[in-house]
Amino acid sequence: FFRVLNVTVLGVVLQRKKSARTQNARTYGAVHGTARSLSKSASASSSSLSSSPPPPPPSSSSSVADAVASAADVPLSARTDDELAALVRSGELAQHRLEKVLADDLTRAVRVRRMALGSGVAAAVRALPYEHYDYKNVVGACCENVLGYVPIPVGVVGPLLLDGRRVHVPMATTEGCLVASTHRGCKAISESGGAQSFVLRDGMTRAPVVRLPTAADAARLATWFDDEANVRTVREAFESTSRFARLKSVRATVAGRLVYLRFVSRTGDAMGMNMISKGVEKALEVVGAQHANMQIMALSGNMCTDKKPSAVNWVEGRGKSVVSEAVVRGDVVRRVLKTTTRDLIDLNHAKNLVGSALAGSIGGFNAHAANIVTAVYLATGQDPAQNVESSTCMTLMEATGDDGEDLRISVSMPSIEVGTVGGGTHLPGQAACLDMIGVRGAHQEEPGANAQQLARVVASAVMAGELSLMSALAAGHLVRSHMAHNRKQPAPAAAAEPAEPGTCAV
């Protein structure tokens, strides 16, 4: 009986050990990808259990639980690109986290994101370059979910003689003839003695909208700002947020029980939107402490006005308000611009003044200011969307000189929004273009001087562009010039006589 019992007990014990070893083998196989081989090994061991002692159980240091935890703790950065792309596609890894996961190799983060797009889109972006770029300058500053970069050709116009100094102006554009035409305008201005520019106002704006219980409460808030002591308190709070912020004014506009508070501030060499926004938030804390029933609806109530055409910017200005002027000699008008002073004045009146008025334009009394503004903005790291208000411009022309053959031209631009620090100005290519103008970074002795100089350059380059395009229109050269410079043409059978360098003349 006892012999039978011992054999039975031994069989049960061996069977339990066999089951445990089989389970361990399967778990190890799942973790290390060797389930098949371990399973065979376990089967072989079980067949010889009666003739050989069982192997010792795994030690606690190499337990299955430790193995599983070890596999889960493998850092994402050690995974292959294919594995990471699969994780992004499955949603287990958010694509915006790639730069954090692969902080030591940001180019790899961009590459994995491109792979995760799927075969169709990934194939489409193959021609979009992404290598040989320092993404440390981009992450957390300029762009998210980066796929690469779009190279834009950069041309140069000038030198333009401006305020007694020769300036080369970089322009990033894909519009043929734009650089050549603006260069011709610079040539005409420089040969005639150069341009003069003036900064009339300098102040970035932000206009939050607040709501009061009644129109009477709104009126009381508006009149509260008439007291200089109250404005001084608001100014102290505002300027405590930045060593460059200098609050110039606050103007309240009431609409029913809504109040729009338009803050105007100097912002040093920064374009200043972030700076003034921080200052406004702090100032509203002070205002709210005095008006407990005031509800802040939005930091921007659209009376700023940012990236939208508006009469308030046209009349009161935003950023830098600049006027630039030049007198172009009559002989230069005829020789370089291929037209006459009288024809230019006549066309400017009919097109830029009367035509724009009939169109109901706000600040659009010009031929193509936005072309030049946008091209310079792209080259120098400005916010290209701000060309909406920055391009508002009035171009005026009149005859001058003893015989009335010389041309006096001016552009008035009340809302040029530029900075030489912040935004995209730190990117290598854009910083190089600012260096070309001589305004990179903050001015050490006079904060704001570099940004003001950039605004002068923008306005004066616009004037050169206006002069050349209007001349092409007056002479009837516009279409022919664009056919020659703005379309890809097959090489001619015989070389034609080249046009004068720097012109769009055909």
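The protein's secondary structure comes to 19 helices and 11 strands; these are DSSP runs numbered from the N terminus, with helices (H or I) of at least four residues and strands (E) of at least two. The model is predicted, so local features need pLDDT of at least 70 and side-chain atom pairs count only at pLDDT 80 or more, while totals for chains, interfaces and linings use all residues. Residues are numbered from 1 along each chain as its sequence is written, and side-chain values use heavy atoms, with hydrogens and water left out.

**The whole chain**

Display the whole protein. Of its 506 residues, 42% count as buried, where buried means under 20% relative accessible area, exposed over 50%, and partly exposed in between, with a 1.4 Å probe and protein chains only. Among contacts with a separation of 6 or more, 70% are accounted for by residues 24 or more positions apart; a contact means heavy atoms within 4.5 Å.

**Stop 1: strand β6**

Select residues 258-266, which form strand β6. Of the 9 residues in β6, 7 are buried, and the strand is mostly covered.

- Strand β5 (residues 246-255) is joined to β6 by 9 bridges, and the two run antiparallel. Here R251 stands opposite R262 in β6.
- Strand β3 (residues 195-206) is joined to β6 by 3 bridges, again antiparallel. Here M204 stands opposite S265 in β6.
- Strand β4 (residues 209-211) pairs with β6 over 3 bridges in the antiparallel sense. Here V210 stands opposite V259 in β6.

Next, select G256. The hairpin of β5 and β6 has 2 residues between the strands, and G256 takes a positive phi near 65° there.

**Stop 2: helix α11**

Select residues 273-290, helix α11. Its 18 residues reach 26 Å from the first C-alpha to the last, close to the 26 Å expected at 1.5 Å a residue; the expected span is 1.5 Å times one less than the number of residues. Colour M273, M275, I276, S277, G279, V280, A283, L284 and V287, which are buried. The buried residues of α11 pack against β3, α9 (215-224), α10 (228-239), β6 and β7 (295-298).

**Stop 3: two crossing helices**

Select helix α14 (residues 341-358) together with helix α18 (residues 449-475). Their axes come within 10 Å and cross at roughly 100°; axes are lines fitted to C-alpha atoms, for helices over the stretch in contact, and angles run from 0 to 180 degrees between N-to-C directions. That makes α14 roughly perpendicular to α18, given that angles under 35 degrees count as roughly parallel, over 145 as roughly antiparallel, 65 to 115 as roughly perpendicular and the rest as oblique.

Show the side chains where they meet. From α14 the contact involves D343, L344, L347, N348, K351 and N352, and from α18 it involves E466, L467, M470, S471, L473 and A474. These residues divide into 6 nonpolar, 3 polar and 3 charged. Ala, Val, Leu, Ile, Met, Phe, Trp, Tyr, Cys and Pro count as nonpolar, Asp, Glu, Lys and Arg as charged, and the others, Gly among them, as polar.

**Stop 4: T395**

Select T395, in strand β10 (residues 393-400). T395 is buried, with a relative accessible area of 0%. What does T395 touch, not counting residues up to four places away in sequence? The list is N348, N352, L353, F365, N366, I409, S410, V411 and E466. The C-alpha atoms of T395 and N348 are separated by 7.8 Å, although the two residues are 47 apart along the chain.

**Stop 5: backbone details**

Select G158 and P159, which a cis peptide bond joins with omega about 15°. P159 is found in strand β1 (residues 154-162). Move to C304 and T305, also joined by a cis peptide bond, with omega about -5°. T305 lies in the loop between β7 and α12 (311-316).

In the loop between β7 and α12, select N302. Phi of N302 is near 75°, a positive value in a residue other than glycine, and N302 is partly exposed at a relative accessible area of 46%. Finally, select C177, in the loop between β2 (165-172) and α8 (178-191). Its phi is near 90°, again positive in a residue other than glycine. Is C177 buried or exposed? At 11% relative accessibility, C177 counts as buried.

Note on methods. Two strands pair if DSSP finds at least two bridges between them.
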